[in-house]
Amino acid sequence: MRISVFVLGLASAGLMTSTANAETLTIATVNNGDMIRMQRLANDFTSKNPDIDLQWVTLEENVLRERVTTDIATKGGQYDVMTIGTYEVPIWAKQDWLLPLDNLGEGYDTDDLLPAIRSGLSVDETLYAAPFYGESSFIMYRKDLMEKAGLTMPEAPTWDFVADAARKMTDRNAEINGICLRGKAGWGENMAFLTAMSNSFGARWFDENWQPQFDQPEWKDTLQFYVDLMKDAGPSGASSNGFNENLALFQQGKCGMWIDATVAASFVSDPEDSTVADQVGYALAPDKGLGKRANWLWAWSLAVPAGTQKAEAAQKFISWATSKEYLQLVASEEGWANVPPGTRTSLYENPEYQEAAPFADLTLKSIEAADPTNPTVKPVPYVGVQFVAIPEFQGLGTTVGQLFSAALAGQMSVDDALAQAQNVSEREMKRAGYIK
Amino acid sequence: MARAVSTRRKTIATIAAWLVALVIFFPILYTVATSFKTEAEAISGISLIPSGTFENYVQVQTQRDYFKPFMNSVVISVGSTVIALLIGIPAAWSMAFSPTKRTKDVLMWMLSTKMMPAVGVLVPLYLMFRDFGLLDTRIGLTVVFTLINLPIVVWMLYTYFREIPGEILEAARMDGASLVGEIVYVLTPMAVPGIASTLLLNIILAWNEAFWSIRLSAANAAPLTAFIASFSSPQGLFWAKLSAASTLAIAPILIMGWFSQRQLVRGLTFGAVK
Amino acid sequence: MATRQTRTLARAMMAPAVVLLLVWMIVPLAMTLWFSFQNYNLLNPITRGFAGFLNYEFFYTDPAFFQSIANTLIIVGGVLAITVIGGILLALLLDQPIFGQGIVRILVISPFFVMPPVAALVWKNMIMHPGYGVLADIARFLGLQPVDWFAQHPLFSIVIIVAWQWLPFATLILLTALQSLDEEQKEAAEMDGANVFNRFLYLTLPHLARAITVVILIQTIFLLGVYAEILVTTNGGPGYATTNLAFLIYRTALLSYDVGGASAGGVIAVVLANIVALFLMRAVGRNLDR
């Protein structure tokens with residue numbers, strides 16, 4: 001018994017020491033297409049930096065978030081570079097868990113980063129994560145169906161127009177749903193959409209004293225509007241649909257409109273996968289005339305955990321992956337349409353990119369329209385457009401998301417869902433000590 | 001006459017059994033079929049005959065090397081099972097052949113250690129692993145799987161050993177066999193079916209364990225469950241690629257299971273056979 | 001018969017397993033108990049300190065708590081019912097002489113080799129999805145309205161997926177037991193003119209009792225902790241319809257990163273699991289004694 005443990009130990013120890021001289025960076029990243037492409041192109045980095053080896057840990061979004069959060073909070077030290085979102089950055093930076101990115105090298109041109117994105121990744125003007133790609137949300141719609149309904153989509157529609165159009169486009173016999181929206185429970189699933197939507201209805205999660213606001217009429221308007229609209233014009237099974245499910249529906253021509261991440265535009269306009277590629281139009285996320293639109297802001301970003309021994313190499317890598325030169329590299333290898341969007345002003349000024357990505361202009365406008373530090377009509381004590389950047393939000397957002405998806409599924413009335421949401425939020429906020 | 005009835009009965013039973021078996025197997029069959037479809041085909045409704053593209057497998061392999069997680073899965077699941085057997089065989093032997101009043105309680109207690117919800121102890125265990133330097137090592141995962149499966153191993157072996165008549169052992173003892181000799185030359189050969197199926201069942205359980213294997217590994221020790229987690233639910237269409245990755249992850253254990261099903265079944269009695 | 005020497009040796013041989021499991025149980029349990037009385041949020045290390053029974057109170061008063069216990073029991077009970085009854089029927093069928101027995105048996109046991117997250121993804125996206133799932137296609141072919149499984153019957157859907165994974169296990173054990181049934185006994189019963197039903201009731205079923213007990217015991221242990229299938233398919237929703245105790249702890253531990261709360265939940269889960277185990281032992285345990 002002891003011998004076999006020993007042999008096993010030797011075997012795995014032998015395997016672990018295979019990389020001798022070079023410094024090995026362990027990079028945790030999400031399995032989205034742009035990151036996969038970065039791994040493919042990483043030879044460019046290692047050939048320029050022969051003393052640095054790269055080692056990837058690619059995981060789906062939820063698992064990745066669990067892994068990196070557990071690791072950084074327990075100082076496990078498994079990763080040298082972490083891919084994190086705009087939700088994590090302000091929270092982690094405040095805990096001093098991230099190293100400030102002050103050594104990105106000459107020519108990095110920090111000022112070129114889109115201001116909305118940059119401010120979401122900075123605390124007290126210091127950049128703690130570099131954006132790899134950024135997104136907002138907007139409307140994707142079918143031009144042919146819109147025309148058939150006798151309507152024209154304005155560039156900046158209102159919710160009333162969208163609801164009206166959705167109901168007119170719906171044709172149950174032809175399996176066409178006027179609008180597809182997220183319904184699957186989760187703080188990054190239905191609550192990302194609904195929180196952004198509620199901003200445009202004048203609602204907010206908390207007032208200035210962290211008192212939850214689900215008992216206010218603005219939330220009632222938001223949720224009722226959403227549930228009614230989805231009942232009349234949404235697809236069946238909406239309460240378990242997230243980004244991917246709706247993407248599949250849209251690509252098969254089963255949605256008249258879809259409000260979701262701007263990165264979806266490159267999927268729905270790709271003729272290889274999408275049956276409706278040539279009929280897709282874009283518009284800004286709707287509003288209610290209150291000064292805020294229902295669009296969010298997110299950036300998958302690269303950051304260096306404070307526990308790493310390889311901070312210098314890590315910053316070198318981040319500088320490479322988020323540089324202008326990287327965008328050029330992707331463009332030359334795989335075409336401008338595949339460049340990671342939403343991070344740099346210069347990209348949107350590039351005529352080649354504008355031509356390759358017809359949705360570029362509206363993507364930029366959407367990103368610019370989102371303001372994480374001032375997300376709502378009424379004042380709030382928190383940062384974040386479609387989330388609240390406090391540690392308690394993931395759990396709370398998911399619970400509220402469960403309640404709202406029950407309202408969507410018809411298992412609970414809108415009033416009950418809101419009352420329970422208010423109840424659990426007060427409970428959670430009391431426990432965390434925000435309110436008495 | 002009798003034969004005619006029996007043939008007819010056999011035919012009916014055959015049709016029924018095949019129908020049920022195909023229904024049960026269908027999700028796997030469909031996954032394999034989907035792995036040969038394009039992404040657009042994969043979401044456009046039922047069809048078992050794909051266009052026959054290998055593109056998904058190529059993409060899966062270029063995106064993430066299959067061999068390393070595969071080797072990790074093999075080393076960890078086989079290693080943990082073998083160690084669990086080495087610890088479990090003596091324990092089960094002594095429980096079966098020198099039982100005390102408390103043997104039953106000890107057994108039940110061992111099983112009850114499996115009732116601790118894994119998520120509840122993640123952080124404490126993560127901290128311990130960090131302090132012992134076991135994070136992202138094959139040894140760390142092997143240790144955890146050994147401990148997770150040990151109760152099942154002991155229990156399966158115990159129930160199997162109990163089937164072995166004590167007289168044989170006593171006869172061996174009369175012949176002057178030492179205790180070790182008794183185990184090695186008398187008991188083990190008789191218990192081979194039980195040990196074999198214990199081995200197989202626990203390799204399967206360890207292979208499919210998807211909580212600790214992902215949470216305690218990063219780049220070096222990540223087994224196939226982590227391989228799968230890098231293909232599920234990215235932004236964009238993924239059913240076909242995920243199907244290909246799933247097929248790759250399931251295939252080794254499925255093939256092993258198919259070839260060894262006779263051994264698996266023979267010892268899988270848990271003492272349930274008189 | 002056993003001498004003192006062999007008895008000592010027997011103890012010594014049991015020791016490694018017992019000691020290891022003791023450590024494996026006590027250390028995490030002790031740490032969990034310790035943390036369950038601490039205010040410890042991973043993302044908020046500043047607020048750490050003694051919490052008294054606050055974590056327990058908070059977990060216990062969670063609006064989802066009682067439903068999650070009910071859901072846990074429904075999942076365990078539902079899956080057990082399906083796998084035991086289905087397993088007996090399947091075992092009886094596979095025990096018949098049929099053409100291609102080996103292949104059929106292989107097909108039936110295959111789901112056991114599929115990793116839980118993969119099984120859940122396949123069922124969710126390819127089988128049960130109301131838009132492009134196979135079941136929806138069949139429903140449309142028959143002119144019916146496709147069922148929106150995860151919205152209309154969320155808990156039932158979870159039970160189906162989990163039962164699919166465990167049916168092979170039950171079938172295998174029951175089949176092994178069935179095949180050990182004495183051929184002569186069967187023939188004797190047939191001679192006595194006992195009909196199929198009676199033979200099953202008075203001969204086969206009693207013979208299977210121990211095997212059924214084993215299936216129930218082992219599966220219960222695994223089924224109490226089901227959460228991956230829920231996470232992948234419904235995220236515990238809609239409402240709390242599919243939140244079981246394991247998922248509630250998951251939500252506390254890996255979404256809220258509330259180590260204290262999750263530890264309290266873990267302790268509560270252990271206590272409840274042991275109550276279930278005790279109940280089980282009372283109900284079916286005597287079958288294990290000969």
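1. Chain B splits into domain 1 (2–56) and domain 2 (60–267); the bounds come from an automatic or database domain assignment. This is a predicted model, in which local features need pLDDT of at least 70, side-chain atom pairs count only at pLDDT 80 or more, and totals for chains, interfaces and linings use all residues. Residues are numbered from 1 along each chain as its sequence is written, while chains are lettered from A and ligands numbered from 1 in the order in which they are written.

2. Look at the two domains of chain B. Their centres, taken over C-alpha atoms, are 31 Å apart. Domain 1 puts 10 residues into the contact and domain 2 puts in nine. Two residues are in contact if their C-beta atoms, placed from the backbone, lie within 7 Å.

3. On the domain 1 side, α1 (2–34) and α2 (39–42) of chain B each give two or more residues. Helices are DSSP runs (H or I, at least four residues), numbered from the N terminus. The largest share, three residues, is from α1(B).

4. By class, this domain 1 side has three nonpolar, five polar and two charged residues. Ala, Val, Leu, Ile, Met, Phe, Trp, Tyr, Cys and Pro count as nonpolar; Asp, Glu, Lys and Arg as charged; the others, Gly among them, as polar.

5. Now turn to chain C. Its contact with chain B takes 76 residues from chain B and 81 from chain C. Elements giving two or more residues on the chain B side include α4 (67–97), α7 (138–162) and α12 (239–267). α1(B) gives the most, 16 residues.

6. The chain B side of that contact has 53 nonpolar, 19 polar and four charged residues.
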